[in-house]
Amino acid sequence: MSSERILTVARAGREAVMWEMKNDPSVFMLGEDVFTFGGVFGTADGLGEMFGAERILDTPISETGFIGIATGAAMAGMRPIVELAFIDFIGVCFNAIANLAAKHQYLSNGQVKIPMVLMLGAGGGYNNGAQHSQYLLSTLAHMPGMVIVAPSNAYDAKGLMHSAIRSDDFVVYVGQKKVAGIGLLGSPIKTSMAAVPDEPYTIPFGEARVVQEGTDITFVGVSWTVHQCIQAAERLQKQYGLSVEIIDPRTIVPLDREAIFKSVSKTGRLLVADEDYQDFGFTGEVIAGVVERDPTILKSPPIRVANPNVNIPFSRPMEQRVLPTADRIFEATVALLNL
Amino acid sequence: MTPNADQRKAMYTSIVRSREFDDRILELYFADKMPVFDLGKGLIPGEIHSSHGHEPCAAGTMIHLRPEDTITASHRPHHQAVCRGLDLSKLAAELMGKKTGYCAGKGGHMHIYSQAHNFSCSGIIAEGMGPAAGVALANKMRKQPGIAVSYMGEAAANQGAFHEVMNMAGIYKLPYICVIEDNNWGVSVNKQASTAVARNSDRASAYGVYGEYVEGNDCDAIFEAMARCVERARGGGGSSILEIQTYRLKGHMLGDTMDYVSKQELQGLKDCVVDYRAKLIADGTMTDTEADAIVAEVKQEVDVAIQFGIDSPYPEPDDAFNGLFAGTSR
């Protein structure tokens, strides 16, 4: 009998990991603080006790080493899930990610497969400073050879985790820390909690979700900024009667450009919100994908709401200023439409 | 464990095969890059780090490996590929960027993969260590036979990956061997200038693994040392660092004039293939005629391989778009 519970993103993702580990002996987890601590952001909570130290493998703080090792285990047919607590740490293991895991499949002309998941905690907004708050999604998405998923809610978190573990490709699973709904970071964002079926289910890569339908403007957000878009849209509806359509791509690579184009074809306006640095990033990529295909469908200039290319400052007023908050999305829309 | 006559002849054949292959590659490499030397020109474009001089490091170690064992090779991979038994034709074709190559032209000289041989490369130094240790971990977790061996130069031991992976190999007691080919030079930087200890094998004690240094670039001595490391790995005794004294006869890469190497050092370089032949003939393991026959047979094999590469078609330009993702799921 099926039942649904309202779960947080972290719980839902962890449920998929548990199911896959129970049903496939080739799935194992390795990384920093996973065995007893359950992962810095709770993604492995309780798994150590459940599966033992051999399948929930604590590693030293040696990121290029353990991502290289996970790559080798994947080459040998295992399905490693690697926990790298902070996406900011990719700086110390970028070679293992970009030159090993992301290249073996292609360079070997498909002889070698890398069925590996790299879990990353990303994002700021809780005063953790410039080296533990970045989103950096576009840094990874810029390189070929990785599937990149970024769930915004519990339902997608579980489905995408099942898909990621079962995939024969290298999948980077970017968990936004405030979206995860774990202890240490306050109450969960309400719109990130969702009804989650007990049974396992998958979500195909490259399929966006229409969060809400609308006719006046399209908002595209990623993970945390999806919720900022929802909040801004609510206020715009209430104050100005504006009808906003919100698209959540769910996977960044591959990107569902079709769904975004379809929405903008209807609304004629586009705002893209992203927590990452703006320049050379996701927001520009989404806009380019639309205007390359048809430059005439936009009735007004596209808007980017992202980190305005400054390092993330510690102090609250400064950090809040550079985050792509609902306020910034609201104000940018009001200015665009002269509301 | 000392090698018997058959094993010694097999090692000799291996180093001759690698040398003859590299000799032909060298000849073809320089034939069509003039008058202005251009790496991107000719039948074999790009950098070539030839294995001239390094052959015993692969021949003396690989002879102990079984089909289920795994190898990750370095940016200088020809002798490693040849001694692992990869097909010379597909190897030559890959070096030429042909469709019939091991990676259909996507890899090239520094990125040779043959899943059938559990053989892969990392052109980034020391970064083949992680994947090798990872295969060793997978084998250990699944209680499957099979050890893993990574190959690299001595300068690679100064990479962060060396420290990280060796430490983990020590913690997890992995069936893994790190073979270090010590040719005394990291491109143009001498080992003394780059490395705080004389022998990287001494670093083994920092990781709780076994370490051994082999002098002389001699197949027999390498065979014996590798036997100890392999026995340890197969028997659950954990990992080893095996550092082998060797040398580069053609510099870092083809075209390297080696101006930074002293005349004295250059003049003192010996040829390991010549030396091993003389040694086997002197102690009666094989005759001059037998040795000539081995060389003649290998030359023919190399001729066929090179011709196969030359005759093979290039990939279609749009083949570049194939195979970025598997696109499949369990």
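Colleague: In strand 7 of chain A, which residue is the bridge partner of A:Ala122?

Modeller: This is a predicted model, and in it strand 5 (residues 117–122) of chain A pairs with strand 7 (residues 171–176) of chain A in the parallel sense, over 6 bridges. Within that pairing, the partner of A:Ala122 in strand 7 of chain A is A:Gln176.

Colleague: Which strands are the edge strands of the open sheet in chain A?

Modeller: The open sheet has 7 strands with mixed pairing, in the order 3-2-4-5-7-6-12, and the twist averages 20° from one strand to the next. An edge strand here pairs on one side only, and this holds for strand 3 (56–58) and strand 12 (251–253) of chain A.

Colleague: Leaving aside neighbours within four places in sequence, which residues is A:Leu137 in contact with?

Modeller: A:Leu137 belongs to the largest nonpolar core, which has 207 residues, and is one of those that touch the most other members, along with A:Val82, A:Ile148 and B:Ala133. The core draws at least three residues from each of domain 1 (4–197) and domain 2 (209–337) of chain A. With contact taken as C-beta atoms within 7 Å, and with the neighbours within four places left aside, the partners of A:Leu137 are A:Ala122, A:Ile148, A:Ala150, A:Val174, A:Val222, A:Ile252, A:Asp276 and A:Phe282.

Colleague: How many nonpolar, polar and charged residues are on the side of domain 1 of chain A that touches domain 2 of chain A?

Modeller: The C-alpha centres of the two domains of chain A, domain 1 and domain 2, lie 26 Å apart, and the contact takes 28 residues from domain 1 and 21 residues from domain 2. On the domain 1 side, the elements that give two or more residues are helix 6 (137–141), strand 6 (147–149), helix 7 (154–166) and helix 8 (177–180) of chain A. By class, that side of domain 1 has 14 nonpolar, 12 polar and 2 charged residues.

Colleague: Which helix of chain B gives the most to the side of chain B that touches chain A?

Modeller: Where the two chains meet, 35 residues of chain B are in contact with 38 residues of chain A, and those from chain B divide into 18 nonpolar, 13 polar and 4 charged. The elements of chain B that give two or more residues to this side are helix 5 (129–141) and helix 6 (160–172). Of the elements on this side of chain B, the one that gives the most, with 11 residues, is helix 5.

Key: Residues numbered from 1 in each chain as written. Chains lettered and ligands numbered in written order. Predicted model: local features only at pLDDT ≥ 70, side-chain atom pairs only at ≥ 80, totals over all residues. Helix = DSSP H or I, 4+ residues; strand = E, 2+ residues; numbered from the N terminus. Nonpolar A, V, L, I, M, F, W, Y, C, P; charged D, E, K, R; others polar. Core = buried A, V, L, I, M, F, W, Y, C linked by C-beta atoms within 7 Å. Buried ≥ 20, exposed ≤ 12 C-beta atoms within 10 Å, placed from the backbone. Domains from an automatic or database assignment. Pairing = 2+ DSSP bridges. Axes fitted to C-alpha atoms, helices over the stretch in contact; angles between N-to-C directions.
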